Amino acid sequence: MTAILFENDNLSLHSVPIDQSEQVVVTFSPRLGAPRPGPAHPNAGFGQEFFRKSGISVFHVVAKWNHWWQLDEMEEVLQAIRDRRGTRALWTYGASMGGAGALMFADRLEAAGAIAMSPQASVDLSRADF
């Protein structure tokens with residue numbers, strides 16, 4: 001059963017616990033096609049169906065607009081994950097903006113690893129429009 005652990009105008013955190021899961025994954029949603037502040041994005045989480053079918057516990061961090069995870073409330077969201085992860089190995093996962101989030105927060109979540117597909121990054125901040 002999915003539970004919403006955190007929600008505001010910027011993002012939401014959904015938990016889909018599986019008791020017998022040996023691992024837990026934290027997904028970060030990808031960049032939205034157009035910024036959409038307001039109600040939650042219709043997809044509850046990146047890769048949700050795959051993790052459900054695979055029997056893997058998952059936390060979905062879902063962006064409501066393209067903020068690139070540069071939000072004050074991220075520490076509260078990360079703490080909610082830390083408080084509920086248990087002793088299982090944790091992985092972060094995402095693509096695009098979500099891949100950037102998976103890399104940004106892997107250390108702070110003490111993740112065993114991060115899977116980041118096409119994360120947006122630039123060594124020249126003056127050229128990065130995100």
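## Sheet

Two strands count as paired if DSSP finds at least two bridges between them. In this predicted model, strand S2 (residues 11-16) and strand S4 (residues 57-63) meet that condition with 6 bridges, in the antiparallel sense. Within this pairing, serine 12 has valine 62 of S4 as its bridge partner.

The sheet as a whole is open and has 6 strands in the order S1-S2-S4-S3-S5-S6, with mixed pairing. Strand S1 (3-7) and strand S6 (113-117) each have a single partner strand and stand at the edges, so one side of each lacks a neighbour in the sheet. From one strand to the next, the twist averages 15 degrees.

## Helices on the sheet

Helix H2 (residues 74-84) packs on the sheet, where it touches S1, S2, strand S3 (23-28), S4 and strand S5 (89-95). The direction of H2 makes about 5 degrees with that of S2. Helix H3 (residues 97-105) lies across S3, S4, S5 and S6, and runs at about 150 degrees to S5.

The buried residues of H2 include Met74, Val77, Leu78, Ala80 and Ile81. Viewed down the axis of H2, its buried residues fall within an arc of 155 degrees, so they line one face of the helix. An α-helix has 3.6 residues a turn, so residues three or four places apart point the same way.

The cover over the buried residues of H2 includes S1, S2, S3, S4, S5 and H3. Glu76 and Asp83, on the other side of H2, are exposed. Just after H2, glycine 86 adopts a positive phi of about 75 degrees.

## Serine 15

Serine 15 is part of strand S2. Its relative accessible area is 9%; the cut-off for buried is under 20%, so serine 15 is buried. Leaving aside residues up to four places away in sequence, serine 15 touches Met1, Thr2, Ala3, Leu5, Val58 and Phe59.

## Isoleucine 56

Isoleucine 56 is located in the loop between helix H1 (48-54) and S4. With a relative accessible area of 22%, isoleucine 56 is partly exposed.

Residues up to four places away in sequence aside, isoleucine 56 touches Val16, Ile18, Ser21, Gln23, Val25 and Phe51.

Note on methods:
Residues numbered from 1 in each chain as written. Predicted model: local features only at pLDDT ≥ 70, side-chain atom pairs only at ≥ 80, totals over all residues. Heavy atoms only, no water. Helix = DSSP H or I, 4+ residues; strand = E, 2+ residues; numbered from the N terminus. Axes fitted to C-alpha atoms, helices over the stretch in contact; angles between N-to-C directions. Contact = heavy atoms within 4.5 Å. Buried < 20%, exposed > 50% of the residue type's maximum accessible area, 1.4 Å probe, protein only. Arc of directions from axis to C-beta.
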